[in-house]
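Biologist: Please take a close look at one part of this model, the contact between its two chains. What does each side bring to it, and what lies around it?

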Amino acid sequence: MIFRKYLKIAKTAWLEYLEYRANLFFEILGVIISFLVIIFLWTKIYAESFGATIGGYNLGEMVTYLIGAGILASFMFFSHQGDEINDDIRLGNLSNYLLKPLNPFFYWLIKDLVRKFFAFFLSMSGYILILFFWRASLNIPSDILTWALFFLSILTGSLLYFLIFYLFSIFAFWMEQTWGFRFVVRVVMEIATGIFIPVTLLPGVIGSIIQFLPFKFLAFFPMQIFLGKISLMEIMLNFGVEILWIGAFYVVSVLVWRRGIKHYTAVGA
Amino acid sequence: MFLKNILRYLRILSLLARISLMKQMAYRSSFFLAVLGKILRVTIVLIFFQAIFLNVKEIGGWNFNEVILLYATFSLIDFLISITFHRNLIYFMPDQIRKGDYDFKIIKPINLLFYSSLESLDMMDLVSVIPTLFLLFYAFLKVGFAFSILQFLLYIFLILNALVFLYALIVLLATINFWAVQKNGLGRFYESIVRIARYPTTIYDGFWKILFIYILPISVISQVPTEGLLGKLSWQYLGYVLIFSILLLMVAIRFWKFGLKRYSSASS
């Protein structure tokens, strides 16, 4: 019974995104261009570098890393979810959800997961081309355990990603606009997720800070598993830390939500 | 008559700027975060290049200082488009078409392309002039101010040329909305194309090299001005890009007018 209504939400969301498929196509094309540029840049860097490996990666591993992280980025890093939560609160749409027997958190979460699923299919069509062109230099794991852990890390990464943007969006209870927060988070994410460069290659204090932040679980960590760069022990340790981050973001967002809902005045409703 | 027209449009422009500022000052906290984000982005890019140049001396014939100058030039141009036409044409216009508000603009007695391009001037983004100019000064310092006054004037002229090129490109994309209105996909697509100019085109080989130097000369955006400043630009290529930008602008305006004629309102 409970599942049925959320299934219905998932179906409606799917149809909604289907209506804007041309729009999504352009968006994904943009992401693919960005990653082509990065792959070319790194290929040139390897051609002119002092040694054959950079930070422990050879060219094949680096190309695999960048393409893999690129695929993750193109279907995970969509920003509108935050905008939607912000607008639902600001414009008073939230009142409709509160009156219905559903949990707004799960409503937004399901819509977000459906969008990711949808974007994944669309982006694959473009990435098949890229994978084909670079097929000779790809490092693909052969054992099932690595693949299973890789998919698990994507799932936990998606959840963490949603929670980060959810938390910064529900500040809309107090503020008219929350895009400022999300803009800062997105700027930091450009480098801290490791989609342009493995975070372990970053020098100095800022490099160390970035390796401490949770963003590396969104792209860098899954690709470490994929490339077999870390042992099973380290993988488990990292999952533990990631789950702590997820728990922390969840608890904080529940607290913020409780205070916010009291503050909520349903403007325009 | 012509002068009177220009004065009229300048007056409209100052009016639009004042309205924009009033609207945007309503969201002050987001405004400070936006500035923080801009400063962070500059820092992050510097770290990224630092990490790369730990392993190489040059990338496609560009050393660290020159790459920083290229990136600073890119940031300046990115700043200039973001306070003017960027969001107006690629985000606000499709939004207005979708809601049906655009029809009211068409009937106003001013040039529609002018109005659509500059309606909402992003006064908030004006503050990011500080990190942008700081980065540019840092880059000039890095290359030891090794350029003449004439080269500097050429640099400014080529930045204007880059703006013409980017404007033509965005008008071409925005016109698509007259047939099939898009959400923000076109905007992200445009931004990805612009961002190719963060790196020199010498990183490409073969087909891609020809594409980004001649067919869709992304080099116009940041590389050509930088090379002009450093005295590395050939006369032939300078001539090519100037003609290319002007022609592209003419094609774009033609296409806009053609699209507008075909436009039938989106909402009832």
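Modeller: A definition comes before the rest. A nonpolar core is a set of buried Ala, Val, Leu, Ile, Met, Phe, Trp, Tyr and Cys residues joined through side-chain atoms within 4.5 Å. Buried means under 20% relative accessible area, exposed over 50%, partly exposed in between (1.4 Å probe, protein chains only).

This is a predicted model: local features need pLDDT of at least 70, side-chain atom pairs count only at pLDDT 80 or more, and totals for chains, interfaces and linings use all residues. Residues are numbered from 1 along each chain as its sequence is written, chains are lettered from A and ligands numbered from 1 in the order in which they are written, and side-chain values use heavy atoms, with hydrogens and water left out.

Now the core. The largest one has 175 residues. Trp42(A), Trp108(A), Phe49(B) and Tyr190(B) have the most contacts inside it. Helix α2 of chain A, residues 21-48, gives the most to this core: 15 residues. Helices here are DSSP runs (H or I, at least four residues), strands likewise (E, at least two), numbered from the N terminus.

Contact means heavy atoms within 4.5 Å.

Next, the interface totals. Chain A puts 44 residues into the contact and chain B 45. Together they bury about 4000 Å², 72% of it on carbon and sulfur atoms. That area is the accessible area (1.4 Å probe) that two parts lose on being put together, summed over both.

Two salt bridges are counted between the chains. Each is a side-chain nitrogen of Lys or Arg within 4 Å of a carboxyl oxygen of Asp or Glu. One of them joins Glu190(A) and Arg198(B), at 3.8 Å from N to O.

On the chain B side, α2 (28-53), β1 (58-59) and α9 (185-195) each supply at least two residues. The largest share, 16 residues, comes from α2(B). By type, the chain B side divides into 23 nonpolar, 12 polar and 10 charged residues.

Finally, Asn55(B). It sits in the loop between α2 and β1 of chain B. Not counting residues up to four places away in sequence, Asn55(B) touches Ser49(A), Phe50(A) and Ile54(A). Its side chain also reaches the backbone oxygen of Ala51(B) at 3.3 Å.

Definitions and conventions
Nonpolar A, V, L, I, M, F, W, Y, C, P; charged D, E, K, R; others polar. Polar contact = N/O pair within 3.5 Å; in protein donor to acceptor, adjacent residues only side chain to side chain.
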